[in-house]
Amino acid sequence: SLSLNWYYHFLFYLLRKQKKERIKVVAVANYWKRFFEKEIELPNVHVFPNLFDSLAYEKHQSKHKDNWVHLGQFSSKNDDGIFPLAEKLSAEGYYCYFSTLNPNEANANKNFDVLYFPHFNDYLEHVSRSICTLALSRIKEGWNRVAHESMLLGTPVIGYDAGGLGDLLKESKSMVVNSVDEVYECITQNLFVLPDSSFTEKYDLN
């Protein structure tokens with residue numbers, strides 16, 4: 001939003017004016033560590049990543065995959081191209097759906113299901129049965145919880161190299177794309193990749 005945009009500009013202005021040794025920044029991804037070090041010239045930037053209880057997610061992994069495409073979280077940050085992409089995939093026989101944490105957003109889109117899951121386990125099992133999750137953010141992400149959760153559920157992720165999301169995708173060796181056309185090719189040609197154990201262990205809560 002415009003107000004959030006102004007907030008960030010004001011925050012960065014204050015950071016640049018302060019004595020740098022008085023400030024420490026904790027970032028969620030190395031992308032943002034590099035950003036604050038280069039753009040704001042802060043010497044004390046630390047990374048504290050999102051950590052997950054991997055075993056709790058692995059319990060919900062499904063051996064059976066339906067012809068479902070998880071379009072990611074329903075949000076204004078998504079690339080607008082996700083809607084015509086979903087139309088093309090639907091015409092090919094894929095069931096495309098968004099997930100949401102906001103019950104008021106359920107069925108907010110007339111063309112595609114926006115699913116709200118009252119129970120977290122229902123959400124996990126639904127994502128686990130999907131052939132992939134999309135992370136097509138048009139803004140630079142902090143990380144991407146939905147993408148990381150999908151990987152832990154055994155569901156491949158296809159996404160844009162945008163901020164911390166780019167770190168997530170590249171570290172996990174997931175499919176990084178530049179357009180919705182590339183996403184379509186990946187899905188229809190089954191070009192899916194799952195991260196190896198080293199990625200899972202690196203971000204394990206334990």
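**How the parts pack**

Tutor: Let's begin with a helix: the buried residues of H5 pack against H3, E3, E4, E5, E6 and H6. Contact here means heavy atoms within 4.5 Å. Helices (H or I, at least four residues) and strands (E, at least two) are DSSP runs, numbered from the N terminus.

Student: Is this from an experiment or a prediction?

Tutor: This is a predicted model, where local features need pLDDT of at least 70, side-chain atom pairs count only at pLDDT 80 or more, and totals for chains, interfaces and linings use all residues. Residues are numbered from 1 along each chain as its sequence is written, and side-chain values use heavy atoms, with hydrogens and water left out.

Student: Ok, which residues in H5 are buried?

Tutor: Tyr 123, Leu 124, His 126, Val 127 and Ser 128 are the buried ones in H5. Buried means under 20% relative accessible area, exposed means over 50%, and partly exposed is in between (1.4 Å probe, protein chains only).

Student: And which strands does H5 lie across?

Tutor: H5, residues 120-128, lies across strand E3 (68-73), E4, E5 and strand E6 (132-135). Its direction runs at about 150 degrees to E4. For such angles, axes are lines fitted to C-alpha atoms, for helices over the stretch in contact, and angles run from 0 to 180 degrees between N-to-C directions. Helix H6 (residues 145-152) packs on the sheet too, touching E3, E6 and strand E7 (157-160). The direction of H6 makes about 145 degrees with that of E3.

Student: What's the strand order in that sheet?

Tutor: The order is E5-E4-E3-E6-E7-E8, in an open sheet of six strands with parallel pairing. Two strands pair if DSSP finds at least two bridges between them. The edge strands, E5 (113-116) and E8 (175-177), each pair on one side only. On average, neighbouring strands of this sheet are turned by 30 degrees against each other, direction ignored.

Student: How many bridges join E4 and E5?

Tutor: Four bridges, in the parallel sense, with E4 covering residues 95-100. For Thr 100, the bridge partner in E5 is Tyr 116.

Student: New topic: how many salt bridges are there?

Tutor: The count comes to seven salt bridges. A salt bridge is a side-chain nitrogen of Lys or Arg within 4 Å of a carboxyl oxygen of Asp or Glu. In helix H6, Glu 149 and Arg 145 are four residues apart, about one turn of the helix. Their side chains meet in a salt bridge at 2.7 Å, N to O.

Student: Is Glu 149 buried or exposed?

Tutor: Glu 149 counts as buried, because its relative accessibility is 2%. Arg 145 is partly exposed, with a relative accessible area of 31%.
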